[in-house]
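Visitor: Could you pick one part and walk me through it up close? I'm new to this, so please spell out the terms as you go.

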Amino acid sequence: MQDLKSTVDLLTSITFFRMKVQELSSPPRASTVVKDCVKNCIRHTYNFLFANCDEVYKRESKQQNNLSTTSITDTNEQIDEGLQVLSTTTTTTTTIVGPSLKNLQFWHQLMYLLTCIISEDRERYCLVLSQFPSEVNVGHTSADTLWKLLSADLKDHLEEHSRIPAERREVKSADYMNLHFMVKRFYDTSVKIIPEAKNIVPEYPKWFEPFVMQWLNENDDMSMEYLHNALEKDRQTGFQQTSEHCLFSSSVVDVFTQLNQCHGIIKTLDLHDQLVIAKYMRRFSVTISQVLLGYANAIRRTFEHVGGQDRICSILMNNIQQLRLNLEQLYELMGGAQLDDETKIMLNDLQKQLSDVLDELSAMFVKSIEPTIRQCIEEVYKQLQQIKGNQMNTGNPSGQQKGAEALVVTKPLLDYLDQRLTFFANQCEKTVLKRLLKELWKAVISDLEKVIVLPPFSDSKNLLTIPTAKIEDAYRLLSGELGRDNDRSLSQKQCQILDRGLEDLKEFFHASGQGLKRNYLEKTLELQSLKYALSLYTQTTDSLIKTFVKTEKDQDRPALEESFGEVSIQVDLFTHPGTGEHKVTVKVVAANGLKWRTSGMFRPYVELAMCGPHLSDKKRKQTTKTKSNTWIPKYNETFHFLLGNEEEPDCYELNISVKDYSFMREDRLIGLNVIKLSQVCEQGSWSSWVPLGSRINFDDTGLTILRILSHRTNDELAREFVALKSARRHKEEV
């Protein structure tokens, strides 16, 4: 070492001598000459090590067992953990000639030797070559030069590997990852600390990008296998809680242990290139989605086979919720709001899909207990039927009587719900409990409407698929005499009691703020539908008919889909300027193309019926004369309808029916349609060929109104309106 110092001193003296003798205008600085000499020496050292790596490594490794003699930071300890997670690189006794496409051992050996060189340069040569302390630092120069040489060679070699298709590479992805960690350790301990490397993002992560992606791709299969094993183990133990305070089972913990481990390896790479990080996180999010959706689907399949086992059902729903919570935590660990848009969208969409699965499981669970709910509601109906009378006691304005009767009526249902919710509260996570409450609320309210207020027909499609039925049969079906075991109707008092009972149900599900919000309960479609049905019970016949006329916009749809002929109609509307009374004049001109086959005489006629409010004391139905054996009859008959002045004309409609008259039997309906007077209001006069359909179309609101009116058997206007709207084309007599 003393000779080396003397040599440098001599080199410095020669440099100064040249400056004096040659009188150079810009002579080289002595420190520059020394630095160049150091670099050349380091290059020769690198080339020698590259050419004789295996031999030198074997000699040096006898003196030092491992790299632990160098300065290892806390970051390196994390890297060691990452290396252990992947797989340890085994030492080999075979001779390593140089870089190979079959293994990466050469680069491990070379970096080991380069680390030794840099360490020696820092600890020994810096103390000797100290003539220019501010300009020449042998340790820094050594690290910088060796890193540049290593980078160039390693980059070229990894590019050769990347050109080989992943499925044909002889080197395992774990080995590439180990080399990645090795390069990171070398850079962090030897290069990162030198001034030349400050504020510079290293490029080496980009060299390993294809191999990290290969590892992530292969990790999918490993993660799914881990998932299946965790689920199978959980299934064999009966989905037990992981602890007294945790309401989920072990499989969800095991699944995220593996995913967090995978993320930990990526994080340990300690990347600074945001583009590379974004690519890895995007690919990792695909793995997360695949694993978690696979888990959710497996839970869904299991759920279908454990119906009635309430404890297991609760655990499985809790598992999905815990899955969502763990995903949120992993999302934040991955970068949260700092993630690129594509990754955020993917993970947010995954969170929504898991939420939908939880909703689906909640609905399945409630559906499994719905038969019991319906039995309780049947008991509610029986209690409701014990309440007689049509009006509440007006002498009790406080409503105490109504409240007391409502409690008696709803007691069977509330007792059952209290039992179920007590179980839910003990077995389910808070979020799961809220989901179950929502599904249970919708089921209870929907069943109240179906069982008590508007019991459905045994075949709800009967009403729309009986073209061969007689008019009176259709009317009987609508009124409940067909297709329903018994006819259920509510008095006004019973409607009020049931409405009060709904308030008790809302308070029960609200649970003093611990359950569902009142605002949510009020806005559910099921409650709005039930309240609307109850409100219709209390409306007059005129009001219900007006609602039907105003809301049913597509009554002519069957005629547009299939026509059985057409009728030429002219309608004129006149409003008296003084009294405001409305008068409608209808002229039936002719019919054309009537589709009707009969074995007897054919005598078609047109029947007109005005529908709307306040017509009970007015003439509502008029007919033309019959025409014999003609399918294109001419009528040219005019009729007048008085509407009064209580409502505007758009609250009325004209029903048109063409029938075949018979003296010995009931007249046969050929076709029918509806003309809205709102069409006439705009111009005061309207005329057209009106197609004839097999029936009148109406939606759920219309059906509700007709079913309520069908219960009013003592109301002539109601009976007539239901008969008009439930009429169907008769079967042809051939």
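Guide: Let's start with helix α24, which gives the largest share of the lining of the largest cavity, 3 residues. Helices here are DSSP runs of H or I with at least four residues, strands are runs of E with at least two, and both are numbered from the N terminus. A cavity is a set of points on a 1 Å grid over the protein atoms alone where a 1.4 Å probe fits but cannot get out, and a lining residue has an atom within 4 Å of a point. One thing to keep in mind: this is a predicted model, where local features need pLDDT of at least 70 and side-chain atom pairs pLDDT 80 or more, while totals for chains, interfaces and linings use all residues. Residues are numbered from 1 along each chain as its sequence is written, and side-chain values use heavy atoms, leaving out hydrogens and water.

The structure holds 1 cavity of 30 Å³ or more. About 50 Å³ of space lies in the largest cavity, a volume being the space filled by probe spheres set on the grid points, which are joined across faces, edges and corners. Around it you'll find Ile545, Met610, Cys611, Gly612, Leu615, Arg620, Leu717, Glu720 and Phe721. They split into 6 nonpolar, 1 polar and 2 charged. For that sorting, Ala, Val, Leu, Ile, Met, Phe, Trp, Tyr, Cys and Pro are nonpolar, Asp, Glu, Lys and Arg are charged, and the rest, Gly among them, are polar.

Both α24 (716-725) and strand β3 (604-611) bring at least two residues to this lining. Now follow β3 away from the cavity. It belongs to an open sheet of 4 strands, ordered β4-β3-β6-β7, with antiparallel pairing; two strands pair if DSSP finds at least two bridges between them. β4 and β7 (668-676) sit at the edges with a single partner strand each, so one side of each has no neighbour in the sheet.

Zoom in on β3 and its antiparallel partner β6 (residues 653-660): 8 bridges join them. One of the paired residues is Pro604, whose partner in β6 is Asp660.

Last stop: the loop between β4 (621-623) and β5 (634-644), where Asn629 is found. Asn629 isn't a glycine, yet it has a positive phi of about 50°. Asn629 is partly exposed, with a relative accessible area of 43%; with a 1.4 Å probe and protein chains only, buried is under 20%, exposed is over 50%, and partly exposed is in between.

Key: 1 Å grid on protein atoms, 1.4 Å probe; cavity = no way out; pocket = protein on both sides within 12 Å on 5 of 7 lines; lining within 4 Å.
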